[in-house]
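Okay, thanks for coming, everyone. I've got one structure to walk you through today, so let me put it up on the screen.

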Amino acid sequence: MNYSNAARDRVRGEIVGYVDLEQLHGPREVPVAPERWYLLRVHPHLQTKVLKTFRQRNISCWMPMQTVTQSVSRYNRGNEKVVEQRVTVPLVWGLIILPDFEVKGGRFNAVDGVIDILRVGDCVPVLKPQDVIDLRHIEAIGNTPKSKRERKFAIGELVRVTSGPFAYFCGRVERFDSAGRLSVGLDIFGRLTPISIEESDLELEQRPRSLHRSSDSRRSSRRFPSR
């Protein structure tokens, strides 16, 4: 998949919650490649502060972030005005991903706001390197505007609705809007009706085989008795 440069920078950037020691202090003579990553529980309201302290103390970690739209109230001379603004918040509140070599060192325990490594009963869940790569892809997709994401369907393709009130209806993709939704023309009661729908609610419709073609093929393969 192709992501915008801005989204790629956000994944690696300082603001969004990635503490990369190699980026801070230059390449190491022996690069550290974690074999597993742990989930560190922190107080949700201190999550950003914990990340900042980790950066100051050179503790490597990663906190997945997402950019969302929030309604904010602003007051001017007693008049309230609600405005929409884009803010960056943690993807999962109360968790920071920590590499194994930092867990062995144990320096994170002295940071205010840290609770402990996440445990489920007697088990300690861990993430493999591929899991972290997949999470970064998910983070990059979430931080890429819908209008700039790679399309699953092309204009003119025949699709079928998989959910909602128009489930199992078929139509053709007509256009894309700025919010990333598709306009699909559905044949409803003999009338072409355009609807706006998400890509996740569609699948490609297989073209039906022509009855004339199949009958022709059977006719051509039929053998006649010789006289």
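So, which residues have the most contacts inside the largest nonpolar core? Before I answer, some ground rules. This is a predicted model, where local features need pLDDT of at least 70 and side-chain atom pairs count only at pLDDT 80 or more, while totals for chains, interfaces and linings use all residues. Residues are numbered from 1 along each chain as its sequence is written, and side-chain values use heavy atoms, with hydrogens and water left out.

Back to the question. The largest nonpolar core has 16 residues, and the ones with the most contacts inside it are L40, V50, F54, L98, F108 and V114. By nonpolar core I mean a set of buried Ala, Val, Leu, Ile, Met, Phe, Trp, Tyr and Cys residues joined through side-chain atoms within 4.5 Å. Buried is under 20% relative accessible area, exposed is over 50%, and partly exposed is in between (1.4 Å probe, protein chains only). The elements giving two or more residues to this core are β2, α3, β6 and β7; helices (H or I, at least four residues) and strands (E, at least two) are DSSP runs, numbered from the N terminus.

Take V114. Leaving aside neighbours within four places in sequence, V114 is in contact (heavy atoms within 4.5 Å) with L40, R41, V42, V50, F54 and F108. Apart from this core lies another, of 11 residues, among them F153, V173, V184 and I188.

Now helix α3, residues 47-56. Its buried residues are Q47, V50, L51, T53, F54 and R55. Just after α3, N58 takes a positive phi of about 60 degrees.

What about charges? The whole structure has three salt bridges, meaning a side-chain nitrogen of Lys or Arg within 4 Å of a carboxyl oxygen of Asp or Glu. One joins D112 and K49 at 3.8 Å, N to O. D112 is exposed at 52%, and K49 is partly exposed at 46%. R107 and E102 also pair up, at 3.3 Å; here R107 is partly exposed at 39%, whereas E102 is buried at 4%.

Last stop, the hairpin. β11 and β12 pair in the antiparallel sense over seven bridges, where pairing takes at least two DSSP bridges between the strands. Two residues sit between these strands, and F189 in the turn has a positive phi of about 55 degrees. D187 stands opposite L192 in β12. That's me done, thanks!
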